[in-house]
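Trainee: Hey, could you walk me through this one? I'd like to ask things as they come up.

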Amino acid sequence: MKHYEANFDGLVGPTHNYAGLSYGNVASLSNARSVSSPRSAAKQGLKKMKALHDMGLVQGVLAPQERPDVYALRRLGFQGTDAQVLSTAYKASPAIFQAVCSASSMWTANAATVSASADTADGRVHFTPANLTNKFHRSLEPEVTGRILQAMFKNPDYFQHHTHLPDNEHFGDEGAANHTRFCQDYGLEGVEMFVYGRYAFDGSKPAPKKYPARQTREASEAVARLHGLTDASTVFVQQNPEVIEQGVFHNDVIAVGNQNVLFYHQEAFLNTEAKLAELEQKLQVPMHFIEVPTEQVSVAEAVKTYMFNTQLVTLENGRMVIIAPTECEESAIVRSYFEELVSKDTPIKEVRYFDVKQSMRNGGGPACLRLRVAMNDAELGAVNQACIMSDALFERLNSWVDSHYRDELSTADLADPQLLVESREALDELTQILQLGSVYPFQR
Ligand SMILES: N=C(N)NCCC[C@H](NC(=O)CCC(=O)O)C(=O)O
């Protein structure tokens, strides 16, 4: 039996825009109101997916959500035809209006937490969509995310889907961005590391004061319980509140792991030494802990370049490759750090740079764009094959983007009622391409 770690990347939606919606996310705030290009954003994402497919990895596609979210506006009391709802909301409350237009579901590292069948009590792959309660625009995602995941991972013999956690900040859950699975091999039992920013029910514990800690310890524990993980196969680690204050709004902005490698910044965690010792002891496999010292790369430089928001993937020959954004190549500090890293005695042997600038401007690097699912042959065979990248699907999706996406979008363009029509036409066709069925509210 073979085992894989598949990456399911979020397809950028037709309303991709920069609205400055994420307090605590430096890039989102500093690029607010810039003009975006949904077409080139979607194509940059597709190029990365195709490149990983060409590297011999299993690559999948996760569909975006329906935006503008007219249903959310109706829940908030805006009435009339869809066009009237959009125009009255835009005039009455542009900030709420922009929030319901965000294409933020593209960052599928926040779509869900996924546990491999080798780790779970019932031997199935478990999925819990993230509730994303900390940001209104992201809290609109979990229901449709759950439906899309169920349409992709349908077979109940292999896949178990949970409802997202209660929609309250006490159980704020941001999904796989704060979760990393370590293992010797993808098919063997691993240890799942859950990283949280604060305790919800204990105010005496450390927490950031300025920027929000989006993930709570209680949420992480609830997901581990739902997935049937044992104490022996989990480690709960708190993020250093000081890095949250510097723009590390998810742990995947400051650390990335794969198999028995953890690549992380010196300041990423609290109680680092004891927690990493616990991880290694539970995994019972020697770990490569690659710690980047502050004196070599500051937290600010790491946040600016997203050197940890990288994908660490294992090729068939066993070599690990870092998939990094071009911002890392453009930084003399980070580029030379990587040059030195690949010459050292660790499994990481190469760095490949990708232009995902359209996503980076909203604080989303290569790692944000993908959801990892470790699977064996039988599980992979049970996945909806229309969602698995191939040369043909790459061509098909590129021409789909060409025929439906705009070249440019400013925040004012979001109020154009035609954008809703275009978006729904695009998504309707997409559900046929990816064979998802009627997952969107407008289709039900
Ligand atoms: N680190 C990971 N895994 N994901 C990145 C998510 C970026 C996203 N940005 C936004 O939602 C900005 C949207 C705007 O400002 O228009 C967020 O902050 O939740």
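Trainee: Where is the place of P68?

Mentor: P68 sits in the loop between β2 (59-62) and α3. Helices (H or I, at least four residues) and strands (E, at least two) are DSSP runs here, numbered from the N terminus. Before we go on, this is a predicted model: local features need pLDDT of at least 70, side-chain atom pairs count only at pLDDT 80 or more, and totals for chains, interfaces and linings use all residues. Residues are numbered from 1 along each chain as its sequence is written, and side-chain values use heavy atoms, with hydrogens and water left out.

Trainee: Okay, and is the peptide bond from R67 to P68 cis or trans?

Mentor: The bond from R67 to P68 is cis, with omega near -5°. In general, most residues other than glycine have a negative phi, and most peptide bonds are trans.

Trainee: Which residue has a positive phi although it is not a glycine?

Mentor: R33 does, with a phi of about 75°. You'll find R33 in the loop between α1 (26-30) and α2.

Trainee: Switching to sheets. What is the order of the open sheet of 3 strands?

Mentor: The order is β12-β13-β14, with mixed pairing. Two strands pair if DSSP finds at least two bridges between them. On the edges are β12 (311-314) and β14 (348-354), each pairing on one side only. From one strand to the next, the twist averages 25°.

Trainee: How many bridges join β13 to β14?

Mentor: There are 6 bridges between β13 (residues 320-325) and β14, and these strands run parallel. As an example to look for, M320 stands opposite I348 in β14.

Trainee: Which helix packs on the sheet, touching β12, β13 and β14?

Mentor: That's α2 (residues 38-54), whose direction makes about 25° with that of β12. Contact means heavy atoms within 4.5 Å. For the angles, axes are lines fitted to C-alpha atoms, for helices over the stretch in contact, and angles run from 0 to 180 degrees between N-to-C directions. Helix α13 (residues 332-341) lies across β13 and β14, running at about 150° to β14.

Trainee: At what angle do α2 and α16 pack?

Mentor: α2 and α16 (residues 391-404) pack at about 175°, and their axes are 10 Å apart. So α2 is roughly antiparallel to α16 (angles under 35 degrees count as roughly parallel, over 145 as roughly antiparallel, 65 to 115 as roughly perpendicular and the rest as oblique).

Trainee: Which residues in α2 and α16 meet?

Mentor: From α2, they include R39, L46 and D54, and on the α16 side F394 and V401 are among them. By class, the contact of α2 with α16 has 5 nonpolar, 2 polar and 7 charged residues. Ala, Val, Leu, Ile, Met, Phe, Trp, Tyr, Cys and Pro count as nonpolar, Asp, Glu, Lys and Arg as charged, and the others, Gly among them, as polar.

Trainee: Which residues lie nearest the centre of the largest pocket?

Mentor: D69, R75, S139, L140 and E143, out of 19 lining residues. The largest share of that lining, 4 residues, comes from α7.

Notes:
On a 1 Å grid over the protein atoms alone, a cavity is a set of points where a 1.4 Å probe fits but cannot get out, and a pocket is an open set with protein on both sides within 12 Å along at least five of seven lines; lining residues have an atom within 4 Å of a point.
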